[in-house]
Amino acid sequence: MKCLGLLVLLGLLVTLFAGYSEAALCTCDLKTKGSEVCGSNGVTYKNRCEFECTQRELKKLGRTLNIRNTGVCG
């Protein structure tokens, strides 16, 4: 019984680490000015790359994020 519990715990840790590693791979040049994107959630993202990283994370949670317009959210 203890072995089963340890296997379940190990599986959860591996799953959490895999999700963290995937998110860490999303690197964007956040210094790009003038390329802001307004998301459908009302958040202004510094560039399209940052928007797409957030979009992927929300998709994993079953949520949708679209571009409302280019530029700063009003």
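Predicted model: local features only at pLDDT ≥ 70, side-chain atom pairs only at ≥ 80, totals over all residues.
**Notebook: disulfides, sheet and a buried glutamate**

Cys28 sits in the loop between helix H1 (2-24) and E1 while Cys49 belongs to helix H2, so the pair ties together parts 21 residues apart in sequence. Cys28 is partly exposed at a relative accessible area of 22%, and Cys49 is likewise partly exposed, at 29%.

I then turned to Cys38 and Cys73, again a disulfide with sulfur atoms 2.1 Å apart, but here the link is right-handed, with 110° about the S-S bond. This pair joins distant parts of the chain, since Cys38 is in strand E1 and Cys73 in the segment after E3, 35 residues apart. I recorded Cys38 as buried at 0% relative accessible area, and Cys73 also counts as buried, at 17%.

From Cys38 I followed the sheet: its bridge partner in E2 is Thr44, and E1 (residues 37-39) pairs with E2 in the antiparallel sense over 2 bridges. The open sheet has 3 strands in the order E2-E1-E3, with antiparallel pairing. Strands E2 (44-45) and E3 (67-70) stand at the edges with a single partner each, so one side of each lacks a neighbour in the sheet.

Last, I checked Glu50 in helix H2 (residues 48-60). Glu50 is buried without a salt bridge, the nearest oppositely charged side chain, that of Lys46, being 5.0 Å away; yet the backbone nitrogen of Lys46 lies 3.0 Å from a polar atom of the Glu50 side chain.

Note on methods
Residues numbered from 1 in each chain as written. Heavy atoms only, no water. Helix = DSSP H or I, 4+ residues; strand = E, 2+ residues; numbered from the N terminus. Buried < 20%, exposed > 50% of the residue type's maximum accessible area, 1.4 Å probe, protein only. Lys, Arg positive; Asp, Glu negative; His and termini not counted. Salt bridge = Lys/Arg side-chain N within 4 Å of Asp/Glu carboxyl O. Polar contact = N/O pair within 3.5 Å; in protein donor to acceptor, adjacent residues only side chain to side chain. Pairing = 2+ DSSP bridges. Disulfide = S-S within 2.5 Å.
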